[in-house]
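Hi everyone, thanks for making time.

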Amino acid sequence: MLQSKRQQYGLHLLLFCLTLVTTTIAGAEWRYGKLFFLGPEGFSWTGTFTWAEYVGGLYFSLPFLGVLTVHEFGHYFTARYYRTAVTLPYYIPLWFGITSSIGTMGAFIRIKERIFSRRQFFDIGVAGPLAGFVVAVPLLVYAFTHLPQPEYIFSIHPEYEQYGLNYAQHVYQDGFGNFSLGKNLLFILFEEYVADPALVPNRYEIIHYPFVFAGFLALFFTALNLLPIGQLDGGHVLYGLIGYRRFNQLSPIFFALFILYAGLGVISPYTEPMWSEELLVVFAPFAYWAYLKLLGNRNYALAATMAMVLLQYGLSGFFPELEAYFWLWPFYVLYLVFVLQPAAPKLTYSLYLAGIVLVAQVLISLVFPESDGYSGWLVFGLLLSRVMGLFHPSCPDERPLTPLRKALGILAFIIFLLCFTPTPFIIE
């Protein structure tokens, strides 16, 4: 037993150390605007960073992992307070070296026994986001009150120096491929009322400011966890506030609204889809998975996938000018049915729901031609629907929360509104 516990602690420590390494390298990549394996001279097996640049990555990884760790230990210590069997956080390192990443997919704890009361679900769920937010705010205060001089950006992009501090009028002209961060209410408040306006970085360059970037990601993950859907932290909080029956009535509605926003602009008379046949590497397996879950038979799923792809090939051949529409639109309609199916008791109802969402998206696009969702949320919606689940389990003790806990629940959703970024990462 003792040996097993040591091995388990060793695994947690190993994952944390690996994640510290990967987030440090990722932080250096963002800060200095280059990839680990790809330098000016091409691919390098030994890496392109100096030791000073590695150390520079710590200015991102330490605050970012600090907020993430406080968040997870908020859950952990609250669970331990209730004597609930729970693991230490499992950190998930994720880094490629040839494309941008943040070095991790986050962390999670695993609760190993049933939770018996709404109060317990609520307390464990709300503790993580509140704890993370409490340390994210001072991080942002420090980040926005210690911004470097505007000339700092010339150390990252020496090519900008020829234009002086008016470089923005020259270097972003073509627009294609530019990457920037979206805005949330709290970030806007810090830019407007905390930072020196003369030092606030251009929105395309915030990624080179490690404390600011780490603070932005802290807010992003706080809001992500506070979505009031399924068994996310926000789901636990809302379940605690309104109970099992009402939560499981509202959660699918919130999810449908989430997908409605995420997919805005995918099917629109004003938007031409972008398509390349290389995307079939992703879309064809997805179609098979979707048909398999919807039809419940491998042979039917394979036949439906092949028939769909062959029909798309045929129509694209006859009408090449409409090729992108014939490929992307059917896959998107299939996606809607697939992710919304768990929200409805029958497949027929999920078809109706998908139709309602699709019609609403098209109507919004007609009335507001500039309306655009965020495709990244479509990926997260797929995870919510098919991996995490949209509903919340019941518990034996369904007694309402105390007034103080209800106030904390309202505070948690105010934090969600302050931190949520509708379009967090923008690639033009």
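Before anything else, one term: when I say two residues touch, I mean that they have heavy atoms within 4.5 Å of each other. And please keep in mind that this is a predicted model.

Find L328, which sits in helix α12, residues 323–340. Leaving aside residues up to four places away in sequence, L328 touches P273, M274 and F283. Is L328 buried or exposed? It counts as buried, because its relative accessibility is 17% and the cut-off for buried is under 20%. While you're there, look across to S276: that residue is 52 places from L328 along the chain, and their C-alpha atoms are separated by 9.7 Å.

Next stop, F190, in helix α6, which covers residues 185–193. F190 has a relative accessible area of 7%, so it is buried. Which residues does F190 touch, again not counting those up to four places away in sequence? The list is V137, L140, V141, F144 and A195. For some scale, F190 and P210 are 20 residues apart in sequence, and C-alpha to C-alpha they are 16 Å apart in space.

Past the four-place limit in sequence, T19 touches L65, Y91, I92, P93, G103 and T104.

Now a whole helix. Please find α8, residues 233–242. Why do I call α8 largely enclosed by the rest of the structure? Because nine of its 10 residues are buried. Those are D233, G234, G235, H236, V237, L238, Y239, G240 and I242. And what do the buried residues of α8 pack against? Quite a list of helices: α2, α3 (118–145), α7 (210–225), α9 (244–262) and α15 (403–419). Just after α8 you come to G243, which takes a positive phi of about 90°.

Speaking of phi, here's a bit of background. Most residues other than glycine have a negative phi. Now look at R83: this residue is not a glycine, yet it has a positive phi of about 55°. R83 lies in the loop between α2 and β3, where β3 is residues 90–93. With a relative accessibility of 73%, R83 counts as exposed.

On to charges. Side chains of opposite charge can pair when their charged atoms come close. How many salt bridges does the structure hold? Five, and I'll show you some of them.

Start with K34 and E53, where the closest N and O atoms are 3.1 Å apart. This pair links distant parts of the chain, 19 residues apart: K34 is in the loop between α1 (2–32) and β1 (38–39), while E53 is in helix α2. K34 is partly exposed at 25% relative accessible area, whereas E53 is buried at 14%.

Another salt bridge joins the side chains of E191 and K183, at 3.0 Å from N to O. Here E191 counts as buried, at 13% relative accessibility, and K183 is partly exposed, with 34%.

Then there's D397 with R399, whose closest N and O atoms are 2.8 Å apart. R399 counts as exposed, with a relative accessibility of 60%.

Which residues form the positive patch? They are K5, R80, R110 and K112. R80 belongs to helix α2, residues 51–81, and counts as partly exposed at 47% relative accessibility.

There's a nonpolar surface patch as well, made of Y270, V359, L363, L366, V367 and F368. Together they have about 630 Å² of accessible area. One of them, L363, is found in helix α13, residues 347–367, and with a relative accessible area of 48% L363 is partly exposed.

That's my tour, and I'm happy to go back to any of these spots.

Terms used: Residues are numbered from 1 along each chain as its sequence is written. This is a predicted model: local features need pLDDT of at least 70, side-chain atom pairs count only at pLDDT 80 or more; totals for chains, interfaces and linings use all residues. Side-chain values use heavy atoms; hydrogens and water are left out. Patches are made of residues with over 30% relative accessible area and no salt bridge: like charges are joined within 9 Å, nonpolar side chains (Val, Leu, Ile, Met, Phe, Trp, Tyr) within 5 Å. Accessible areas come from the Shrake-Rupley method with a 1.4 Å probe; for residues, only the protein chains shown count as cover. A salt bridge is a side-chain nitrogen of Lys or Arg within 4 Å of a carboxyl oxygen of Asp or Glu. Lys and Arg count as positive and Asp and Glu as negative; His and the chain ends are not counted. The place of a charge is taken as NZ of Lys, CZ of Arg, CG of Asp or CD of Glu. Helices (H or I, at least four residues) and strands (E, at least two) are DSSP runs, numbered from the N terminus. Buried means under 20% relative accessible area, exposed over 50%, partly exposed in between (1.4 Å probe, protein chains only).
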